[in-house]
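Here is a short tour of one protein chain, written for someone who is new to reading structures. Keep the 3D view open and follow along.

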Amino acid sequence: MAVNWIEGWLKNTWVNHTLKFAFAVLITVLLAPFRFDGLEYIAYDLRMQFSPRPATSGEIVLVPIEFETLKKLKRDPEALDWSLVLQKIGQAQPAQVVSFVNPSQIQGSYDDLSFLADIASRLPFQYAEDDLPKVGATHLDPLAPPFDNMLVLPAPKAPDRGMLAKDGVTRRLILAYENRFTMHARLAESFNHIHHIDGYSGAYSLLDSTQMQIRYRDKGVYPTLKFVDALEKSLDPERLRGKIVLIGRDTMEAGADYGTTPLSKNLLALSQLEINANILDTLIRNEAPRFSPEWVKLLFTFLIALLTIYIVLGVRPAKGLFMLASALIVYLGVSLLVFANFRWMVPVAHPLVAVFICYYFVIPYRLIIENRRSWEYYQKNRLLVQVEELKSNFMRMMSHDLKTPLARIQGMAEVLRKEHGNLTETQALALETILESSEELMEFISSILSLSRIASKEMKLQLRSRDVNQVLRNVVRRCEHLAARKNISIVVELEPLFSIRVDEDLLKTVFTNLLENAIKYSNENSKVLVTSDEINNELVVQIADQGRGIAREELTQIFDRFYRARNSRGDTPGNGLGLYLVKYFVELHNGRVDVESEINKGSTFSVRLPMNLDLEPESPPEHSGGLYV
Ligand code: ADP
């Protein structure tokens, strides 16, 4: 009782939709507090890789100390080498010179180092240290003498090591700590004139700093002046004037000089020098990727969860899977487009996880429903088969039991007719009506009998060699009295034919039904033409009338069981079985029947039978459902 009530309640459309809606909300709320950084950052990196790379600002020149420099000098560059290089760079008047090499670690006598410190002090020179000031301090500790007056600025690296994706990839830059700009933002300031963190788009707070995502370019896009060339060759000042010059190591020796990026996870993917150039350009061009707000994540997770629930519960499994996969591909495609065009990072991980969770929660529910449904179908089907069996048994029994008394009535009426001299006019008329009606009833019973034989698959062809023209003549003769009543003349034009193997009784039914229809649906004083011929190894019998015709849209239906066209409803008696049997019997002979018709002009039915019906028919007509012949 309670189960029935719950089932009925679940079938209510509104309840159904509300439950799906509620489930999607539940999944969204349950997933919200979880982080799927691993998955999210895979999607993040893919979007980076598949979007067009941004242009560089053109304000940065790299001076790498690479392997060639070490090879030529046969040692690390020392204080005097640095002094010479800085002197030359200084003459070109760059906007800023940044060293990522700690000057205190440069080799040289104290005098040489002092000389270097002196040269650096005449340039807009700074040492970028991979660190932040200690808590409470505003500056980093100064370097040891003779570099104690040198500007030391914080330029911390921020690889995702202990947090977020935890894969060591450098995706973030630190824009400011305790509301103070790091070195990169300070350098960018004079190019983009952004003096406050609010001026940057895509900035967010993380721990006690303000951070942004880095937008990467491919390796090797920045103009480069090798340290050894700067040392040994004369410089073109135009290449450096007004630019930010970054000096650092790129010797392929120390892992610390390199980092992995969303574009490449190779060990030596990008030198820190180039990573810093990308950080600077992200700031100068103010085009960091932006994360969507939290509500966008919730909304998309909810929508995708809802879509999954509807698809899983409402669509066939294979099609549903295909639709889900397509929906996910479209979602990923759109997220890529949104990133490429607007730098927005639409959340991907939560919606993806929502799809899988919904799928695995909802599928068992669907299986239960499906199981129940197929059980119901099975029960219904069993019942239908029983009913069908009962029906055909009943029809057969009824037809047989009706036929015998009817034949008796017909016999007695015939006896009376023979003695019609003794009957009054009214009695003779009544007798005719009895004979006609019983004839009609007999035909109907025969049709029903044939139908039940077809349904119970009992029909077998009795093939014998026959002259079809002779069969036709017999049929025409039997129908003449019908035609005479409407003063219809039946014109017969038969070409001589070879005998072929046919079931005479069935063929007689075919031609009788067609000819009776032709007469039945014709006006008085018209003509019905019956022809036979052999065309292309086929025997073609045509029965054409000048009657009321059949509407074009009904032509395909008139061969259906019990179908009666509009032109017959109302005044003309009939049961809609005649043409069904015609088609069935003709197809049993491997033949076919066609009709051409025009309203108020007439109809022509053509029966085509193969001449070489020595063969047993290969298979029963399609709609027989496995009838054997
Ligand atoms: P019925 O017992 O109604 O004649 P049939 O199966 O023999 O059933 O024919 C199906 C329908 O096709 C008829 O009801 C009639 O509307 C249409 N029809 C059949 N033969 C003709 C014809 N010669 N002229 C016009 N309509 C016809």
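Helices (H or I, at least four residues) and strands (E, at least two) are DSSP runs, numbered from the N terminus. This is a predicted model, where local features need pLDDT of at least 70 and side-chain atom pairs count only at pLDDT 80 or more, while totals for chains, interfaces and linings use all residues. Residues are numbered from 1 along each chain as its sequence is written, and side-chain values use heavy atoms, with hydrogens and water left out.

Let's start with the loops. P146 sits in the loop that runs between strand 3 (125-129) and strand 4 (151-154). The peptide bond leading from P145 into P146 is cis, and its omega is near 5 degrees. As background, most peptide bonds are trans, and most residues other than glycine have a negative phi.

E178 has a positive phi, near 40 degrees, although the residue isn't glycine. You'll find E178 in the loop between strand 5 (172-177) and strand 6 (180-181). N590 also has a positive phi without being glycine, this time near 65 degrees, and its place is the loop between helix 17 (578-588) and strand 19 (592-598).

How much of a residue can be reached from outside? Buried means under 20% relative accessible area, exposed over 50%, and partly exposed in between (1.4 Å probe, protein chains only). With 38%, E178 is partly exposed, and N590 at 34% counts as partly exposed too.

**Two helices with buried residues**

S450 belongs to helix 14 (residues 425-455) and is buried, at 12% relative accessibility. Leaving out residues up to four places away in sequence, S450 touches M459, L581 and F585.

**Charged pairs**

Side chains of opposite charge can pair when their charged atoms come close. A salt bridge here is a side-chain nitrogen of Lys or Arg within 4 Å of a carboxyl oxygen of Asp or Glu.

| Pair | N to O distance |
|---|---|
| R35 and D37 | 2.9 Å |
| K265 and D45 | 2.9 Å |
| E538 and R592 | 3.2 Å |

E538 lies in strand 18 (residues 538-545) and R592 in strand 19, so this pair ties together parts that are 54 residues apart in sequence. R592 is partly exposed, at 39%. Salt bridges with shared partners also link D45, D160, D167, R171, R172 and K265 into one network.

In the R35 and D37 pair, R35 is exposed at 59%, while D37 is buried at 14%. K265 lies in the loop between strand 10 (258-259) and strand 11 (270-271) and D45 in helix 3, so their pair ties together parts that are 220 residues apart in sequence. K265 is partly exposed at 43%, whereas D45 is buried at 4%.

Notes:
Contact means heavy atoms within 4.5 Å.
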